[in-house]
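Thanks for coming, everyone. Please have a look at the slide.

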Amino acid sequence: MDVTSKLLSVFLVDKQLRGLQSRLHAAERFLGEQDKQLQQIDAKRTALETQVRQLKVTIADAEGQTKSIDERMAHLRDQMGAAKTNKEYKAFLTELNTYKADRDALETSTLEQMGKLDELKKQLAEFNSQKSEREKVRTVAGGDRDSREAEIKDRVAELKAQRAKLAAEVPADALKTLEKLIHEREDDAMAPLEEHDRRRHEYTCGSCMMALPVEKLSALLSNGRMTHCPSCGCLLYLEAELHKQLTAPASKR
Ligand SMILES: [Zn+2]
């Protein structure tokens, strides 16, 4: 077998493998996307939970302060009731009014913070429901990935063994060239040389459709050496049927 035929065998098995694995890879990408989104949701939830915790501490502090102001005010009222002189009474009253102003300011800011806390809790609930929705999608995606993998597992192993066996037959340099082309062009790494008009020597590349010089055909026909399309760089090969026609005795042509 010439080198082009050997390369073609590897290429065709490789193509089957890639085709078989493409649905699995799509399922893996989808699963990865779900994981990424879950991470983003979790990061937002953690940040909100921290804010909620801090705000609760601030509100509890304010409530503590209000309580101690209330105690102080009750005590002042008692002192006012027991005041001996008008001057003493007025001094307690001034102090009481200061506390009252402080208390009002504290109450206003606490109310604001409680409103903010409600808003944060609402946002958190929204992220929690997003998370549980996303987790459902992720579970389905994970099952899908696993079943696709199980479906093709045996066939993939078979094709991989076959590929390894065929690849061992190909000279290392040629194999490297093919692998590089597969990496860059996937299914267009190799393409058949297509015949348009035999008498006028019109041949084209099956990948890029550009015209090929007739020497490319001669090279493939004579010794099947590695032959690249000068336009797109793919490796050319002759399909069995065309090869048979071209090498048949002249009378049959
Ligand atoms: Zn081409």
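I will take the metal site, then the strands around it in sequence.

First, the ground rules. This is a predicted model, where local features need pLDDT of at least 70, side-chain atom pairs count only at pLDDT 80 or more, and totals for chains, interfaces and linings use all residues. Residues are numbered from 1 along each chain as its sequence is written, and side-chain values use heavy atoms, with hydrogens and water left out.

Now the zinc ion. Which residues are its protein donors? They are C205, C208, C229 and C232, each through SG, at 2.3 Å. A donor here is an N, O or S atom within 2.8 Å of the metal (3.2 Å for Na, K and Ca); water is not among the atoms, so sites may look incomplete. Along the chain, the donors are spaced C-x2-C-x20-C-x2-C.

The geometry is tetrahedral, with angles of 104 to 114° among the four donor atoms. The ideal is 109.5 degrees for four tetrahedral donors.

Are these cysteines buried or exposed? C205 is buried, at 0% relative accessible area. C208 is partly exposed, at 25%. Buried means under 20%, exposed over 50%, partly exposed in between (1.4 Å probe, protein chains only).

On to the strands, which are DSSP runs of E, at least two residues, numbered from the N terminus. Two strands pair if DSSP finds at least two bridges between them. β1, residues 190-197, pairs antiparallel with β2, residues 202-205, over four bridges. E194 has T204 as its bridge partner in β2. Four residues separate the strands in this hairpin, and H201 takes a positive phi near 55°. β1 also runs parallel to β4, residues 235-237, joined by three bridges. There, M190 partners L235.

Note on methods:
Tetrahedral: all angles 85-135°; square planar, octahedral: opposite > 155°, others 65-115°.
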